[in-house]
Amino acid sequence: AWKDRERRFDQAKRDAESEAFFLADHAGRLFEVSKVGLGTASRILGKHPWDEAALSPEVYTQLRALADSLPYVEDIWLNDEKGRLRVTSFGFPSPTSDASDRESFKTAMLPSRDLFIGPKIVGRVTKRPTFLVSQRLETLEGQFRGMVAITIDSNYFSDYWTKVKLAEGTRVTLA
């Protein structure tokens with residue numbers, strides 16, 4: 001009985017490790033796509049002054065095309081150094097919004113190019129539940145220029161996880 005218990009325990013452990021690997025890989029792919037999207041959005045903005053970018057239908061069209069090309073990406077948002085929304089793929093001209101009180105913007109102000117992966121929020125403009133992945137924008141000289149963010153449809157996870165057979169009572173947490 002003891003050997004059978006050990007065998008079952010070892011098999012359960014291998015199954016859990018395998019499931020964790022695939023779930024982590026699935027989540028990791030979304031964040032890799034997000035990095036590409038953030039970098040491309042930053043290049044679309046380029047050296048455009050904020051006022052010029054905000055009035056440019058071309059910048060909007062390029063951002064909208066980028067958002068449409070990335071699965072589960074809802075919108076792309078570019079905020080200036082004060083947190084004001086200046087350009088978005090959500091609509092043209094951009095609606096008025098201020099992210100200066102959001103954790104994502106406060107993190108972008110820090111001298112780090114690390115990704116910020118936020119908690120689930122309700123978008124101030126879209127009024128939809130979402131979460132965002134963001135990164136600091138810098139000038140060529142390395143000065144803080146603002147923040148670029150991508151909002152993600154949280155169904156990315158539920159669409160996948162509902163198809164994965166997990167043991168009853170299993171919880172999946174992203175950290």
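Aspartate 25 and arginine 29 stand 4 residues apart in helix 1 (residues 2–45), and therefore about one helical turn separates them. Helices (H or I, at least four residues) and strands (E, at least two) are DSSP runs, numbered from the N terminus. The two side chains form a salt bridge, their closest N and O atoms being 3.2 Å apart; the term denotes a side-chain nitrogen of Lys or Arg within 4 Å of a carboxyl oxygen of Asp or Glu. Aspartate 25 is partly exposed at 35% relative accessibility, as is arginine 29 at 44%. Here buried means under 20% relative accessible area, exposed over 50%, and partly exposed in between (1.4 Å probe, protein chains only).

The model is predicted: local features need pLDDT of at least 70, side-chain atom pairs count only at pLDDT 80 or more, and totals for chains, interfaces and linings use all residues. Residues are numbered from 1 along each chain as its sequence is written, and side-chain values use heavy atoms, with hydrogens and water left out.

The whole structure holds 12 salt bridges. In one of them, aspartate 75 pairs with arginine 128, with closest N and O atoms 3.2 Å apart. This pair links distant parts of the chain, 53 residues apart: aspartate 75 belongs to strand 1 (residues 73–80), and arginine 128 to the loop between strand 4 (121–122) and strand 5 (129–138). Aspartate 75 is buried, at 3% relative accessible area, whereas arginine 128 is partly exposed at 34%.

Arginine 124 forms a salt bridge with aspartate 101, the closest N and O atoms being 2.8 Å apart. Aspartate 101 lies in the loop between strand 2 (85–88) and helix 4 (103–108) and arginine 124 in the loop between strand 4 and strand 5, so the pair ties together parts 23 residues apart in sequence.

The largest pocket has 17 lining residues, with Phe157, Trp161, Thr173, Leu174 and Ala175 nearest its centre. Helix 1 gives the most to this lining, 5 residues.

Methods. 1 Å grid on protein atoms, 1.4 Å probe; cavity = no way out; pocket = protein on both sides within 12 Å on 5 of 7 lines; lining within 4 Å.
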